[in-house]
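Reader: Please take me through this model feature by feature, giving the general idea and then the case at hand.

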Amino acid sequence: MGEIQRITTLPKLQPRRADAHKGNFGRVLIVAGSRGMSGAAVLSGSAALRSGAGLVTVACPPDIWPIVAASNPCYMTLPLADGDMKPLLDAAAIADVVVVGPGLGRSPFVNDLVKALQANCKRLLLDADALNALAVPPNLLSSQAARIFTPHPGEFSRLAGISANDIQDRREKETIAFAQKFAGVLVLKGSGTLVCDGQRLYQNTTGNPGMATAGSGDVLSGLIGALWGQGLPAFDAAQLGVYLHGLAGDLARDHLGETSLTAADLLDYLPKAFVNYAAAA
């Protein structure tokens with residue numbers, strides 16, 4: 001394991017030009033949701049919009065398509081046809097970033113979908129059930145750049161083949177080892193979320209226990225995807241994403257308390273988080 005540089009300063013998101021248009025801020029495709037988990041698609045897509053993505057498309061199964069489409073008028077939607085990958089791959093081909101996994105569920109179709117995106121996407125963020133699909137034999141992990149992985153400890157356990165207890169005991173060591181082996185950016189979620197690209201390591205300083213609620217990770221995936229789509233390098237997008245995600249949670253906690261905090265509240269407080277970040281930069 002090589003020498004790791006510990007990062008404590010945040011990257012800068014450049015101010016927008018006066019003549020900017022939506023095409024300047026990234027086309028993000030989010031592949032998410034399933035029956036009973038339509039909220040994951042809505043939260044992730046809405047977070048991408050709140051985080052500055054110029055164009056967002058949410059691809060989801062047809063049976064939840066009306067729910068997802070009606071939940072936010074600002075993103076576009078695309079139905080996922082079981083067995084037909086062409087519309088999805090066509091959309092992925094023109095996207096700057098593809099986020100896959102929130103609330104997708106587990107099925108052979110999801111496994112095939114993740115495999116197809118792995119083979120065809122230049123910049124891919126893998127979260128939640130996409131990570132579970134990667135862990136299904138034959139393991140779809142490969143050493144390739146332009147990948148961001150955002151597991152919680154349980155997902156990382158399945159992905160890396162290490163017990164969750166061992167991961168918690170050796171969070172830094174296992175995070176670094178994984179990032180170096182697979183040449184991507186690993187975001188190991190939890191208290192003091194870690195971000196590593198195999199050379200640099202960042203430990204997040206924002207966030208609170210109130211964020212330990214369903215949907216919080218879906219917001220994070222959309223947030224990081226949007227920052228990546230706006231031109232930040234993968235490590236910088238992940239680092240700034242976890243910081244702003246935690247800061248939004250801290251702002252929400254200060255007004256709502258930890259007990260009542262929900263993932264949807266993070267969407268409401270993301271604008272203030274961006275304002276505070278910009279003021280301090």
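Reader: How do the residues of the lining of the second largest pocket divide into nonpolar, polar and charged?
Author: Ala, Val, Leu, Ile, Met, Phe, Trp, Tyr, Cys and Pro count as nonpolar, Asp, Glu, Lys and Arg as charged, and the others, Gly among them, as polar. Here the lining of the second largest pocket has ten nonpolar, four polar and three charged residues. The model is predicted, so local features need pLDDT of at least 70 and side-chain atom pairs pLDDT 80 or more, while totals for chains, interfaces and linings use all residues. Residues are numbered from 1 along each chain as its sequence is written, and side-chain values use heavy atoms, without hydrogens and water.

Reader: What volume does the second largest pocket have, and which residues are closest to its centre?
Author: On a 1 Å grid over the protein atoms alone, a pocket is an open set of points where a 1.4 Å probe fits, with protein on both sides within 12 Å along at least five of seven lines, and lining residues have an atom within 4 Å of a point. The volume, which is the space filled by probe spheres set on points joined across faces, edges and corners, is about 300 Å³ for the second largest pocket. It is lined by 17 residues, and L13, F274, V275, Y277 and A278 are the closest to its centre. Helix 1 (38–50) and helix 11 (263–280) each give two or more residues to this lining, the largest share being the six residues from helix 11; helices (H or I, at least four residues) and strands (E, at least two) are DSSP runs numbered from the N terminus.

Reader: Which helices supply the lining of the largest pocket?
Author: At least two lining residues each come from helix 5 (129–134), helix 6 (153–160), helix 9 (216–229) and helix 10 (234–256), and helix 9 gives the most, with four. The largest pocket holds about 770 Å³ of space, and among its 34 lining residues K189, G190, M211, S216 and G217 lie nearest the centre. By class, this lining has eleven nonpolar, 18 polar and five charged residues.

Reader: In what order do the ten strands form the sheet?
Author: Two strands pair if DSSP finds at least two bridges between them. The ten strands here form an open, mixed sheet in the order 1-10-9-8-7-6-5-2-3-4, with strand 1 (5–7) and strand 4 (76–79) at the edges, each pairing on one side only.

Reader: How many aromatic pairs does a search of the whole structure find?
Author: Three are found, where rings of Phe, Tyr and Trp (its six-membered ring) pair if their centres lie within 6.5 Å, and planes under 30 degrees apart count as stacked, over 60 as edge-to-face and the rest as tilted. One of them joins F149 and F178 edge-to-face, at 5.4 Å centre to centre and 90 degrees between the planes. This pair links F149 in strand 7 to F178 in helix 8 (residues 171–182), 29 residues apart.

Reader: Why is the pair of F156 and F178 edge-to-face?
Author: The ring centres of F156 and F178 are 5.4 Å apart and the planes stand at 75 degrees, so the pair is edge-to-face. Because F156 lies in helix 6 and F178 in helix 8, the pair ties together parts that are 22 residues apart in sequence.

Reader: Are F149, F156 and F178 buried or exposed?
Author: Buried means under 20% relative accessible area, exposed over 50%, and partly exposed in between (1.4 Å probe, protein chains only). F149 is buried at 2%, F178 is buried at 7%, and F156 is buried at 1%. Together with F182, the residues F149, F156 and F178 form one aromatic cluster.
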